[in-house]
Amino acid sequence: MNTQAQKNPQFPHLSADTADAMYLTTAERIEFCRQDKWIGYTRAEWVLNKLDELLIYPRTMRMPSILVVGRGGNGKSAILERFLNRCPGQVTASGDPVMPVLSFDMPETPDEGELWSTILWQLGISHREKDPPHLKKREAKSALQYAQVRILVIDEFNNLQNMGKRAADILAAIKGISNDLKLSIVAAGTSEAINALNTDPQMKNRFEPLALPRWPLNADYLRFLASYETLLPLAKPSDLISRPIGMKIYGMCGDTLGATVKLLKNAGAYAIENGIEQITGDVLDSVKWTGPEGWDEVARTI
């Protein structure tokens, strides 16, 4: 769909869907402003293409796997959610389930039994959590085969770091299920996920690391701001990529994408609520905001 050609002439600075939101009530526009939005920036699309390749990879003795790694708040979970939305589960005409991708978060203090329970619950299968791990493993393997799962997506993979030497047991279990069922693994986490993989060099060699680096104040960052501006239901252009506004946003948010998005949501809502209808320097100053560097100051006040 060519949204560019369908832009509302009254709000040419907005995407077509966002321009339609301008006719909502103030409360509804604020809610629209605070909803999650997808911006297909260059690095995110590159990662998504890599994930898509796993879906069509032939089943081999040693399936490829991917580790999406970056700082907290830098877009890992958003990319995974986008990937999952592109790979919904279905039911065939004969009633058989087809679930190409199964996703779950690594438990905070995982053990092998909890790993299998997490997989079973995500598949909607009731079971006795007190059953020994080998029974839950057998049930999980059977269910994964029946659902025709091709990829296991494991977010918060860095939680393995909490297990110390016992992390090797979880990695061995994941490696075993990948070998037995010819599944690819997509893991995501912070740099601690790399440390966890270091405990099993053979498992680590199966992963291709895809880094989400810190965001510098460059053309890609400004393009992101420009794209996000088209998704904020404000009557007036904000010109977020102008030098004073763009630099101010970056100075308040630092180099993580999550902080930038949070600030833009808050600033957009403030501008709507107060009838300003654009994000200005004064609006940014008025938003209640504690940036990444502000936590030390908060700590000193208590």
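The model is predicted, so local features need pLDDT of at least 70 and side-chain atom pairs 80 or more, while totals for chains, interfaces and linings use all residues. Numbering starts from 1 along each chain as its sequence is written, and side-chain values use heavy atoms, without hydrogens or water.

Helices (H or I, at least four residues) and strands (E, at least two) are DSSP runs, numbered from the N terminus.

Next, look at Trp215. It sits in the loop between strand E7 (207-212) and H10. Trp215 counts as buried because its relative accessibility is 9%; buried means under 20% relative accessible area, exposed over 50%, and partly exposed in between (1.4 Å probe, protein chains only). Set aside residues up to four places away in sequence. Trp215 then touches Tyr41, Asn74, Asp220, Tyr221, Phe224, Tyr250, Asp255 and Leu257. A contact means heavy atoms within 4.5 Å. Pro88 is another matter: it is 127 residues from Trp215 along the chain, and their C-alpha atoms are separated by 31 Å.

Step back to the whole chain. It has 14 helices and 7 strands. Its C-alpha atoms fill a box of roughly 60 × 55 × 35 Å along the principal axes. Of its 302 residues, 44% are buried. Take the contacts with a separation of 6 or more: 72% of them join residues 24 or more positions apart.

Leu24 lies in the loop between helix H1 (16-21) and helix H2 (26-34). Pro233 is 209 residues away from Leu24 in sequence, but their C-alpha atoms are 9.6 Å apart. Leu24 is partly exposed, at 37% relative accessible area. Pro97 belongs to strand E3 (residues 97-98). It is 52 residues from Val149 in sequence and 9.5 Å from it in space, C-alpha to C-alpha. Beyond four places in sequence, Pro97 is in contact with Gln90, Val91, Tyr146, Ala147 and Gln148. Pro97 is also partly exposed, with 23% relative accessible area.

Finally, check the backbone. Most residues other than glycine have a negative phi. Glu156 has a positive one, near 55 degrees. This residue is in the loop between strand E5 (151-155) and helix H7 (167-181), and is partly exposed at 31%. Lys182 also has a positive phi near 55 degrees. Its place is the loop between H7 and strand E6 (184-189). Lys182 is partly exposed, with a relative accessible area of 26%.
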